[in-house]
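I opened the model and worked through it one topic at a time. These are my entries, in the order in which I looked things up.

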Amino acid sequence: MDHSEIQERGLVELYHRGLLPPDEEALFEEHFVGCPECQEQLVYARGFQRGLKTLAAEDAARTVVQ
């Protein structure tokens, strides 16, 4: 699996969401180990997800308080 295929198919996001079939997941992980760019994208995806969860929790808390 090469980097251009990973980018074109959005495999970092699919991997992050657990949506890759096991064979593709293994190929992605082989690439991922040596690719700082994909590692960085996964860190951003995880941070974005945490941010969304935090915002949702804050919105829910504000709703309860009101």
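**Contacts and overall layout**

I began with contacts, meaning heavy atoms within 4.5 Å. Of the contacts in the chain with a separation of 6 or more, 52% are between residues 24 or more positions apart.

I noted the ground rules next. This is a predicted model, where local features need pLDDT of at least 70, side-chain atom pairs count only at pLDDT 80 or more, and totals for chains, interfaces and linings use all residues. Residues are numbered from 1 along each chain as its sequence is written, and side-chain values use heavy atoms, with hydrogens and water left out.

I then listed the elements. Helices (H or I, at least four residues) and strands (E, at least two) are DSSP runs, numbered from the N terminus. I found 4 helices and 0 strands in the chain. Read from the N terminus, the order is α-α-α-α.

I checked burial as well. I used relative accessible area: buried is under 20%, exposed is over 50%, and partly exposed is in between (1.4 Å probe, protein chains only). By that scale, 21% of the 66 residues of the chain count as buried.

**Core**

Which residues make up the largest nonpolar core? I took a core as a set of buried Ala, Val, Leu, Ile, Met, Phe, Trp, Tyr and Cys residues joined through side-chain atoms within 4.5 Å. The largest one has 10 residues: I6, L11, V12, Y15, L20, F28, F32, C35, C38 and L42. Helix α2 gives the most, with 3 residues.

Y15 is then in contact with L20, E25, F28, E29 and L42.

Rings of Phe, Tyr and Trp (its six-membered ring) pair if their centres lie within 6.5 Å; planes under 30 degrees apart are stacked, over 60 edge-to-face, and the rest tilted. The structure holds 3 aromatic pairs. Ring pairs join Y15, F28 and F32 into a cluster.

**Cysteines**

How many disulfides does the model contain? The cut-off is a pair of cysteine sulfur atoms within 2.5 Å. The count is 0 disulfides. C35 is in none, and its nearest cysteine sulfur, that of C38, is 3.7 Å away. C35 counts as buried because its relative accessible area is 9%. C38 is also buried, with a value of 0%.

**Charged pairs**

I turned to salt bridges: a side-chain nitrogen of Lys or Arg within 4 Å of a carboxyl oxygen of Asp or Glu. The count comes to 2 salt bridges.

I took E5 and R9 first. Their side chains meet in a salt bridge at 3.0 Å, N to O. Both residues lie in helix α1, 4 residues apart, about one turn of the helix. E5 is partly exposed because its relative accessibility is 28%. R9 is partly exposed at 40%.

I went on to R9 and E24. This salt bridge is 2.5 Å, N to O. The pair links distant parts of the chain, with R9 in helix α1 and E24 in helix α3, 15 residues apart. Salt bridges that share partners join E5, R9 and E24 into one network.

Is E24 buried or exposed? E24 counts as buried because its relative accessibility is 16%. I also listed what E24 touches, not counting residues up to four places away in sequence: M1 and R9.

**N-terminal segment**

My last entry is on D2. D2 lies in the segment before α1 (3-9). D2 counts as partly exposed because its relative accessibility is 41%. The side chain of D2 makes a polar contact with the side chain of S4 at 3.1 Å. For that term I used a pair of N or O atoms within 3.5 Å; within protein, one must be able to donate a hydrogen and the other to accept it, and residues adjacent in sequence count only if both atoms are side-chain atoms. I also checked D2 against F28. They are 26 residues apart in sequence and 8.7 Å apart in space, C-alpha to C-alpha.
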